[in-house]
Amino acid sequence: MKNSDIVKRDLDVLWHPCTQMKDHEWLPLIPVKKGEGVWLEDFDGNRYIDAISSWWVNLFGHCHPHISGAVQQQAAELEHVILAGFSHEPVVRLSEKLVQITPPGLSRCFYTDNGSSAVEVALKMSYHYWRNTGKPEKLKFITLSNSYHGETLGTLGVGDVALYKETYKPLLMEAITVPSPDAFLREPGSSWAEHAERMFAHMEAALERHAHETAAVIVEPLVQCAGTMRMYHPVYLERLREACDRHGVHLIADEIAVGFGRTGTMFACEQAGISPDFMCLSKGLTAGYLPLATVLTHDRIYQAFYDDYATLRAFLHSHSYTGNPLACAAALATLELFERDDVIARNRELAREMGEAFAHLADHPHVGEVRQTGMVLAAEMVPDKHKPEPYPWEERRGMIVYQHALKNEALMRPLGSVVYLMPPYVITPEQIRHLARVATEGIDLATRA
Ligand code: PMP
């Protein structure tokens, strides 16, 4: 079987995510036959380093024997069972572990089966908490500009990436949007920390004005990933935790993309020493094996729902595949790898390699910034090096980098004009250097005219 055989059949019956399908009249679709470690291989025998961890989900490479083995074993025992009224061992063990490793105070896990639905749960739970405690007027959400929390109507409502949101705006709830502490937009000469402190004034003002009608503030801690990997200093989260407490507003940390070691610590919130009221996890939770998500919260929230049935205070939200045992087995095997291999320490070394391999791009005439937080590194292509403004999106310059990378054994998928690396943790320094070479050539090509 060849690539072309699968592609023809695919294009007859599929509608792909986040894709203008007409692009595939000129842009080859790549059918993947198998994966091993950082490598993906197509049906024609071409190989690609998965530099973006397949939409940021993969942690330990494709077809990792330990995780594959755990899923196989679980499949022979129990594939799925309803989680209402019933339970199973993998979900109990996973919940115990997550409570143990997440920031202090988070003591309950509620499961869903993808990131967006986990964010929906956090939003609903927060509002419902206030309703159950006699404050139904607290029904708004505060979000940061350029944030992303998923694609469902509820999560688009608290997101702020125009490309995904604009079309559906008439359908969406309206959030209160506060300017992001994005360090790329800092004034020349000021540090990430100074910029974060300064930008916090906007959040403080929004809380002062809206706390009485606001259920929660939702943020992506440290990196706004879909918002083109814009980053900010942890001091912003410290200030935010303190201000949310002072104003009586929940803090929702959406660690769906940044959790499980991406930012250099197991969870990004750790770098600010804070515990949110709700923490959303997905993606790396199963190391990219199976769809699973969870929302962790603390006992005060849980107790506000705990009552006689007839009071109708229960959280009656459900998804069919909630807490799927196969996915829980993958998650448990993933956490075992974190414990066994001291992954966070090894990632520090890999992050240093990434920084060194890409450092030269800071001098590129059309790179506005090379920024990095742990295992996330981004180079932003700009028309004018001295202005933090991207190329017009219509020019699709990132596409040139994407195509160049494919010809050179790499899957890179720039976000607009931002070329980035968010690789599996099993990548080698040589592979990182290869990706840096490919990215540099791609950026040269894409910014030539
Ligand atoms: N929140 C964040 C921060 C994300 O990056 C994403 C996915 N890119 C989501 C939520 C949505 O997750 P999912 O795609 O699993 O619905």
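1. Helices (H or I, at least four residues) and strands (E, at least two) are DSSP runs, numbered from the N terminus. Cys 63 sits in the loop between helix H2 (53–56) and helix H3 (65–75), and its phi is near 50°, a positive value in a residue other than glycine.

2. The model is predicted, with local features needing pLDDT of at least 70 and side-chain atom pairs counting only at pLDDT 80 or more, while totals for chains, interfaces and linings use all residues. Residues are numbered from 1 along each chain as its sequence is written, and side-chain values use heavy atoms, with hydrogens and water left out.

3. Thr 228 is not a glycine but has a positive phi of about 60°. This threonine lies in the loop between strand E8 (223–224) and strand E9 (230–231).

4. An N or O atom in the side chain of Ser 116 is 2.6 Å from an oxygen atom of the ligand. For Gly 115, a backbone N or O atom lies 2.7 Å from a ligand oxygen atom.

5. Leu 171 is exposed, at 58% relative accessible area (exposed means over 50%, buried under 20%, partly exposed in between; 1.4 Å probe, protein chains only). Its place is the loop between helix H7 (162–165) and strand E6 (176–178).

Terms used:
A polar contact is a pair of N or O atoms within 3.5 Å; within protein, one must be able to donate a hydrogen and the other to accept it, and residues adjacent in sequence count only if both atoms are side-chain atoms.
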